[in-house]
Amino acid sequence: MTTDTDAKLIEQGRKLFAGDWQFIWASPSIETLPPMQGMEVAFAGRSNVGKSSLINALTGRNALARTSHTPGRTQELIFFEGPKEAGFRLVDMPGYGYASAPKAKVASWTTLIHKFLQGRSSLARVYVLIDARHGFKDVDLDVLKTLDKAAVSYQVVLTKADQVKPAELEERTEATAAALAKHPAAFPELLVTSSRTGAGMPELRAAMIRLLEERGR
């Protein structure tokens, strides 16, 4: 892809995410999901990986998605919608791997996530967030297997990159990319981000614009 194309996608992404983004729906169960329309991308990750912070950084809003220092706070599928003409939604999924939550509650979240992934034709991609300080954990690899099995396109996003020394971040990035090569549904390009500094946000927005164009709006 040419540099000109990259610059064009980045500018389109900036404009889209500078528009009006609103919370529109919260679904505790498959039965309560909003009707499918337009394109959706979802964000998955371990509790406290920074999903809500990433959504806020993407949209340039401090409080669009509710952030919390308490892991496991998001217990529903949370939908945000962009400018009406864009036909585009973001979905904040319940964090996984939070061992302190009641087992019945964790099982309920897990079932909700799996059913959503397998039955949502408007879902174009899942962004799997991985903490750059730690890399893949077993629970992350289990989620990748679920996505492979469901044949859902997904892309891995490293978060909190500003909290890792450059040499360590490079090693973590290489190791993550090597592990991803074993997963057939994974998009090969790895995105490295920081919600605090804004690093990687233009590239993540551009990736979503590319998806919108591929889907033909």
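**Entry 1**

I began with Glu 81, which counts as buried because its relative accessible area is 12%, and the cut-off for buried is under 20%. I kept in mind that I was reading a predicted model. Next I looked up Lys 84, which has a relative accessible area of 68% and is therefore exposed. The side chains of Glu 81 and Lys 84 meet in a salt bridge, with 2.9 Å from N to O. I noted for myself that side chains of opposite charge can pair when their charged atoms come close.

**Entry 2: Glu 40 and its partners**

I then turned to Glu 40, which forms a salt bridge with Arg 89, the closest N and O atoms being 3.3 Å apart. This pair links distant parts of the chain, since Glu 40 sits in strand β2 (residues 39–45) and Arg 89 in strand β4 (residues 88–92), 49 residues apart. I found both Glu 40 and Arg 89 to be buried.

Glu 40 also forms a salt bridge with Arg 120, where the closest N and O atoms are 2.9 Å apart. Arg 120 lies in the loop between α3 (103–119) and β5 (123–131) and Glu 40 in strand β2, so this pair ties together parts that are 80 residues apart in sequence. I checked the accessibility of Arg 120, which counts as buried because its relative value is 8%, and that of Glu 40, which counts as buried at 0%.

**Entry 3: The network**

I recorded that a network of salt bridges links Glu 40, Glu 81, Lys 84, Arg 89 and Arg 120. My search of the whole structure gave 10 salt bridges.

Terms used. Residues are numbered from 1 along each chain as its sequence is written. This is a predicted model: local features need pLDDT of at least 70, side-chain atom pairs count only at pLDDT 80 or more; totals for chains, interfaces and linings use all residues. Side-chain values use heavy atoms; hydrogens and water are left out. A salt bridge is a side-chain nitrogen of Lys or Arg within 4 Å of a carboxyl oxygen of Asp or Glu. Helices (H or I, at least four residues) and strands (E, at least two) are DSSP runs, numbered from the N terminus. Buried means under 20% relative accessible area, exposed over 50%, partly exposed in between (1.4 Å probe, protein chains only).
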